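Subject: Structure for you to look at

Hello,

Here is the structure I said I would pass on. Please open it first, then read my notes below.

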Amino acid sequence: VLTSIMTPGFTFLKSPLVYCGKNKLLVVTVATKETDGFRRFMRSAKHFNYSVKVLGRGEKWSGGDMSAPGGGQKVRLLKQFLGEMSGDERVILFTDSYDALFASGSGELLKKFSQAGHRLLFSSETLLWPHRLLEDKHPHVSQGNRFLSSGGFIGYLPNVKRLLADWSGADSDSDQLYFTKLYINPDKRKSINMTLDSRCRVFQTLHGALDDVVLKFEEGRVRARNVLYDTLPVIVHGNGPTKLQLNYLGNYIPNTWTFETGCTVCGQDLLPLSSLQELPSVLVAIFIQQPTPFVSVFFERLVKLEYPKDRLQLYIHNQEPHHESHVSSFLKEHGDLYQKITSVGPEEELDITVSRNTAIDLCRQNKDCDYFFNLDIEVVLKNKDTLKILIEQNLPIVAPMITRAGRLWSNFWGALSAEGYYARSEDYVDIVQGRRQGVWNVPYVSSVYLMRGSLLRSELQDIALYNSQSLDPDMALCDNIRNQGVFMYVTNLQMFGRILSTENIQTQHLHNDLWQIFQNPLDWEERYIHPNYSRILKGQLMETPCPDVYWFPIFSDTACDHLVEEMEHFGKWSGGGNKDNRIQGGYENVPTVDIHMKQVGYEREWHKFLLDYVAPVTEKMYPGYYTQAQFELAFVVRYKPDEQPSLRPHHDASTFTINLALNHVDIDFQGGGCNFIRYDCAITSPRKGWALMHPGRLTHYHEGLPTTAGVRYIAVTFVDP
């Protein structure tokens with residue numbers, strides 16, 4: 001009677017002596033250690049209720065690295081295991097498990113085996129390996145693959161025993177060559193009664209057949225379909241250099257993700273943080289390699305991350321002198337909150353590869369470091385619970401999917417080219433755009449990812465992960481991880497954030513983020529547009545203090561402060577006289593003390609701001625009027641009691657004018673405001689970040705009321721048309 005030992009998620013069998021009844025099939029595999037690929041294989045076996053006997057557990061693998069002929073250890077272990085077995089009708093399925101998975105159940109498997117008409121059925125492939133000189137000795141087939149693959153076979157016990165009877169090789173000898181020589185020997189082939197599954201009805205090897213295999217989505221399940229032979233194989237084997245393609249298929253097969261159910265396994269094997277007495281200790285490694293926008297905002301979000309600060313260690317490597325002030329400000333204000341901080345500045349001239357390996361070693365060498373969390377400075381982590389979510393996934397390496405706004409760029413690759421660089425998988429766009437949501441096995445992650453500390457101290461313990469003679473550090477990391485058979489995942493089950501563009505970054509200004517409206521418009525908007533701006537377009541928050549004068553919020557406090565500080569930093573204020581060489585004709589009829597946007601190189605960005613945020617309001621308030629937001633003059637005015645306190649009555653040379661208050665009345669200054677003389681209507685309490693919009697010519701004759709104390713700043717734009 002077959003007996004079994006149950007462990008969480010897997011079924012391991014004691015050596016059976018006799019099978020009876022319907023339990024005539026036994027799946028046998030060799031696995032000297034539990035890899036991610038092995039666990040995937042066992043999950044697929046469990047899904048279809050296969051009983052699996054695992055050989056070699058705990059043994060040292062001595063069958064080679066599979067880049068050259070080897071695998072004899074598998075044959076030895078199988079021969080030893082089957083030696084005591086008996087039963088003419090017992091069926092043995094022997095398969096690799098690190099790079100294989102089941103796509104269907106035992107009923108279909110046994111039916112297809114029976115239909116093969118032989119008592120031993122081998123997997124087949126299109127490529128001959130390891131000796132091409134044996135090609136002519138292979139029997140021809142009417143259709144399908146001609147060559148044997150040792151990665152899987154199914155047969156009756158007596159026939160399998162005859163297959164193994166002559167094996168006396170070393171563990172490092174080639175199992176493929178041994179089985180091939182038996183197959184090409186007509187007498188042996190007949191004696192064993194063996195044949196090949198040439199049309200891949202049972203076994204699908206991927207090497208040499210990548211273009212032939214596609215996903216077939218059925219209701220509630222997914223199969224691999226061989227389009228060349230129109231077959232649905234039961235077992236898919238990523239032999240040779242096709243491991244990544246198997247990982248891709250394994251994201252769906254057998255029912256990992258379907259159109260009807262979405263991700264079916266995403267709630268399995270999680271690590272509920274609520275069950276822990278203390279949250280894991282995490283080393284957060286932050287890398288600043290180049291000038292990057294919104295660095296101060298990055299550190300603000302880091303502080304707001306929902307995770308106990310006393311369970312976080314920080315490693316900060318800043319290579320960019322421009323960002324020294326941002327780092328030092330963060331450390332001064334928040335450094336005491338964290339368990340420990342290691343900060344490396346640009347003066348140390350530490351190579352980025354060395355630095356990343358150093359950060360890894362800090363976690364690797366500390367047995368109390370439960371996780372390593374890489375967080376590059378260009379990552380915009382919007383989800384405060386990101387770290388908790390990733391830990392709960394309970395995966396060796398997992399990244400939150402982030403994308404670049406408006407583009408298909410993300411922090412993961414769905415596939416690799418033959419040269420090891422980016423290639424687009426069939427499902428990449430659907431994953432990036434959220435049409436398929438799940439946790440995906442991928443070949444490359446970057447920028448932000450979580451790694452188990454125990455992984456760094458086991459499978460990855462002796463590897464300088466970021467080292468490579470030809471690859472950049474991120475690619476080297478993923479290449480080294482893949483070579484150890486460790487899986488990397490990306491999750492898009494939730495929204496996590498985005499990644500900044502670091503192209504064309506300006507560093508010559510005081511507040512360089514103001515110039516990011518083109519490169520990173522979403523981040524610019526979050527930083528600089530008033531939080532209530534969107535309500536205006538819904539017909540809310542719009543006030544009309546005077547006839548045809550509209551008053552609405554548009555700039556955040558930060559935007560106001562940064563613009564004022566930028567102008568003061570520039571410092572070249574006009575004298576407030578009529579002579580003005582900055583404008584056409586050189587004469588200003590109604591002069592102010594001001595600095596033009598053009599003077600600080602902000603004219604193009606200001607026009608973009610007007611188009612994106614002022615024009616929609618204009619079109620809403622003045623139906624039928626459509627503006628391109630062109631302007632002759634846009635400038636920041638400074639009013640001071642001892643400099644220029646007010647402005648005489650005048651018309652503006654514009655179709656309409658935008659007058660944007662940049663600081664607070666009664667806090668930063670006293671007095672001030674705008675009086676529309678024709679309507680005897682004055683606005684004497686300007687609100688910081690709020691804009692007045694009014695016609696410029698003919699109807700709205702107005703004056704600037706005296707500033708009696710402090711300094712008042714406004715941003716004025718004459719829009720025409």
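Residues 24 or more positions apart make up 77% of the contacts in the protein that have a separation of 6 or more; contact means heavy atoms within 4.5 Å. This is a predicted model, in which local features need pLDDT of at least 70 and side-chain atom pairs count only at pLDDT 80 or more, while totals for chains, interfaces and linings use all residues. Residues are numbered from 1 along each chain as its sequence is written, and side-chain values use heavy atoms, with hydrogens and water left out.

The protein has 18 helices and 42 strands; these are DSSP runs numbered from the N terminus, with helices being H or I of at least four residues and strands E of at least two. Of its 721 residues, 54% count as buried, that is, under 20% relative accessible area, whereas exposed means over 50% (1.4 Å probe, protein chains only). Along the principal axes, the C-alpha trace spans about 110 × 55 × 50 Å.

After H3 comes Gly117, with a positive phi near 80°.

Regards
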